[in-house]
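Open the model in a viewer and keep the selection panel at hand. The stops below say what to select next and what is there.

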Amino acid sequence: MKLYSLSGHPSLPCYILKFKFTTIMLDCALDMSSAMHFLPLTLVHSPRLAKLHNWSSKDGNKAVEKELKECAGRLFVDSAPEFLVPEKDLLDLSTVDAILISNYHCMLALPYITERSGFSGPVFATEPTLQIGRQLMEELVTLIERVPKPRASSKWKNKDVLRSLPSPLKDAQDIWSWRQCYSLQEVNSALSKVRLVGFSQKNELFGAVYVTPLSSGYCLGSCNWLIQSEYERVAYMASSSLFTTHPQPMDQAPLRGCDVLLLTGLTQFPTANPDSMLGEFCSNLAVTVRGGGSVLVPCYPSGVIYDLLECLAQYLDSAGLSGTPLYFLSPVASSSLEFSQIFSEWLCRSKQSKAYLPEPPFIHAELLHSNRLKHFASIHGDFSTEFRQPCVVFAGHPSLRCGDAVHFMELWGRSSLNTVIFTEPGFNHLDALAPFQPLAMKAVHCPIDTGLNFPQVSKLLKDIQPVHVICPEQYTAPPAAHPHRSDLQLERQPPPCTMRRAEALALPVRRRYERVELSPEVAESLIPSEVKPGISVATVMASLSTRDNKHVLQPLPKTPASSAKKRKRGEVLARMPQPLLWGSVSIDRLLQSLEKQGVKDVKVESVGDGHILHLQAEDSIIQLSADSTHIICTDEGLRARLRDVLVHLLNRL
């Protein structure tokens with residue numbers, strides 16, 4: 001059993017598990033933090049960005065200088081953003097048999113795998129994961145393609161050029177694994193390979209292993225995966241949550257006692273409580289609106305935004321600001337709001353009960369009906385006639401490198417009345433703001449990450465008690481922002497095994513047993529013998545047939561009538577098995593049997609767990625112990641007679 005790590009980000013996992021002749025990819029998340037090194041894509045011409053100076057290199061390389069722009073003391077690449085894809089050189093991805101997806105945030109690299117690596121297997125995901133994952137991919141492609149860049153920049157990646165660049169661009173990781181965004185055609189082709197599964201549904205892979213999705217409580221349709229054979233169990237725990245939000249709660253009971261637990265996706269902000277961050281979000285927003293300013297919330301079109309809208313509407317009502325317009329801008333805004341209302345079976349019980357009343361599970365249905373919340377595909381078209389300030393705008397992309405959020409940063413950035421509030425935990429907010437400096441608008445960081453924190457993980461591990469734990473190396477040391485917080489790391493005995501990008505690990509699990517079935521013909525031929533009360537044993541002589549990783553004992557071919565007939569190559573002929581002897585020898589019965597054979601002068605000596613019989617006249621010895629019998633005799637004929645006496649006293653199978 002072997003595990004390969006294709007990602008270095010603990011919350012954006014991509015692993016490959018080799019288990020019982022199958023090769024399984026666990027998630028294929030896309031690391032978009034590399035986009036922080038690129039200039040934003042603006043929907044409307046930005047005079048400010050157009051005036052940025054080219055970088056001045058020491059050697060005067062004009063081709064490289066045109067690719068890099070300077071802004072507020074930092075360098076940015078002037079081209080469409082590129083993303084860090086999973087490692088492709090560690091092993092041949094065309095050998096992967098199947099891909100298991102845990103949630104929609106962990107599937108954004110799927111087109112790179114299915115369309116550009118030779119992969120041809122199935123992809124397993126829940127229906128909400130598929131549909132919302134499709135929305136995230138379509139939004140990303142649309143936001144990038146609607147502002148095409150005239151060129152792709154790559155000359156700056158030259159090793160000699162990189163050494164002369166200032167930080168942080170100089171320190172960027174794995175730049176040769178950065179790729180520009182896939183196309184909409186690749187998205188549709190990749191998602192056509194997805195097979196839909198439900199929670200606790202057992203799915204067979206090539207007869208070798210079973211994979212079962214279990215609710216993780218993190219987002220709509222999110223799951224952990226249990227991968228098991230008949231005798232080994234591997235649990236993959238991706239982003240999971242014990243907080244009470246809109247998804248179904250986490251199902252941890254089936255994970256108990258697993259041989260290996262692969263742990264990823266813990267909270268990226270262990271010191272930020274989601275409830276307090278939500279309260280801070282609402283209070284900062286209300287202060288801005290009261291002061292006559294507008295608020296921008298860069299976000300994804302699904303997930304936390306559902307909880308934000310629900311809590312925000314209630315807070316604005318209590319604060320007397322219910323007249324504040326809420327705008328949701330995304331190419332997939334309409335489908336996102338609609339899908340969230342029809343996935344009732346994937347929601348928590350309180351929201352499921354609303355669906356059966358019938359009432360909308362989420363409050364944003366009422367907000368839409370009352371025109372307090374309005375959604376648009378972009379800032380063009382009807383939005384310009386409906387737009388009024390002060391207001392709250394939810395728009396993508398949370399990286400602030402593409403989408404309508406870029407336009408509002410340019411529009412509102414020069415006024416201190418306005419505020420941008422970051423809630424998505426996947427991007428560094430200071431890096432996101434860097435190309436917009438100098439900035440007059442206020443920036444508030446309220447990361448809402450409902451993933452498991454370290455105290456919750458410690459309690460969870462005590463409950464499920466896995467034999468071995470595997471985790472990213474980042475979890476075994478305090479975070480860089482809190483180097484002295486030893487409580488913000490994973491501690492257990494024995495210590496967990498750690499992994500990093502492009503690393504392979506042999507898992508400490510050895511297969512010892514295999515399930516074998518009996519054919520009806522072989523089962524009918526068995527003659528059980530009772531060895532203990534309630535326990536019977538039978539000998540089996542059969543041919544082992546293996547097909548599709550299923551092992552079956554079949555009857556042996558019968559011996560040909562003519563011995564001269566040639567046997568086919570590989571053919572096994574049935575032979576009568578020798579009887580198996582078992583049981584213990586009774587000393588009294590043995591003495592009686594020896595006396596019948598004319599052996600009368602026998603001295604019995606008890607030693608340890610057995611006996612020694614001295615045959616005085618025959619000058620021979622019989623040694624009997626719990627697990628062996630020895631006859632010491634110089635007369636071969638006598639030895640054979642003594643052997644027959646002992647065999648006669650034993651049971652036969």
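In which loop does Pro 390 lie? Select Pro 390: the loop runs between α12 (383-386) and β20 (392-395). Helices (H or I, at least four residues) and strands (E, at least two) are DSSP runs, numbered from the N terminus. This is a predicted model, in which local features need pLDDT of at least 70, side-chain atom pairs count only at pLDDT 80 or more, and totals for chains, interfaces and linings use all residues. Residues are numbered from 1 along each chain as its sequence is written, and side-chain values use heavy atoms, with hydrogens and water left out.

**Around β20**

Stay at Pro 390 and show the backbone. The peptide bond that reaches Pro 390 from Gln 389 is cis, with omega near 0 degrees. Go next to Gly 396 and His 397, which are also joined by a cis peptide bond, with omega about 5 degrees. His 397 is in the loop between β20 and α13 (404-412).

Leu 400 lies in the loop between β20 and α13. Its phi is near 60 degrees, a positive value in a residue other than glycine. Most residues other than glycine have a negative phi, and most peptide bonds are trans. With a relative accessible area of 0%, Leu 400 is buried; buried means under 20% relative accessible area, exposed over 50%, and partly exposed in between (1.4 Å probe, protein chains only).

**Two loop residues**

Select Gln 465, in the loop between α15 (454-464) and β23 (468-472). Gln 465 has a positive phi, near 50 degrees, and counts as exposed at 55% relative accessibility.

Lys 58 sits in the loop between β4 (53-54) and α2 (62-65). Lys 58 is exposed, at 86% relative accessibility.

**The nonpolar cores**

A nonpolar core is a set of buried Ala, Val, Leu, Ile, Met, Phe, Trp, Tyr and Cys residues joined through side-chain atoms within 4.5 Å. The largest one has 135 residues, of which Met 25, Leu 110, Ile 227, Phe 281 and Phe 394 touch the most other members. Helix α4 (residues 127-145) contributes the most to this core, with eight residues. Apart from this core lies another, of 21 residues, including Ala 235, Met 237, Leu 266 and Leu 452.

Now centre on Phe 281. Leaving aside residues up to four places away in sequence, Phe 281 touches Val 297, Leu 308, Leu 312, Phe 394, Ile 421, Thr 423 and Cys 446. Contact means heavy atoms within 4.5 Å.

**Two helix pairs**

Select α4 together with helix α6 (residues 184-191). Their axes come within 10 Å and cross at roughly 170 degrees, which makes α4 roughly antiparallel to α6. Axes are lines fitted to C-alpha atoms, for helices over the stretch in contact, and angles run from 0 to 180 degrees between N-to-C directions. Angles under 35 degrees count as roughly parallel, over 145 as roughly antiparallel, 65 to 115 as roughly perpendicular and the rest as oblique. On the α6 side, the contact is made by Leu 184, Val 187, Asn 188 and Leu 191; residues on the α4 side include Leu 130, Arg 134 and Met 137.

Finish with helix α17 (residues 587-596) and helix α18 (residues 636-649), whose axes come within 10 Å and cross at roughly 140 degrees. α17 and α18 are therefore oblique to each other. Arg 589, Leu 590, Ser 593 and Leu 594 of α17 meet Leu 642, Val 645, Leu 646 and Leu 649 of α18.
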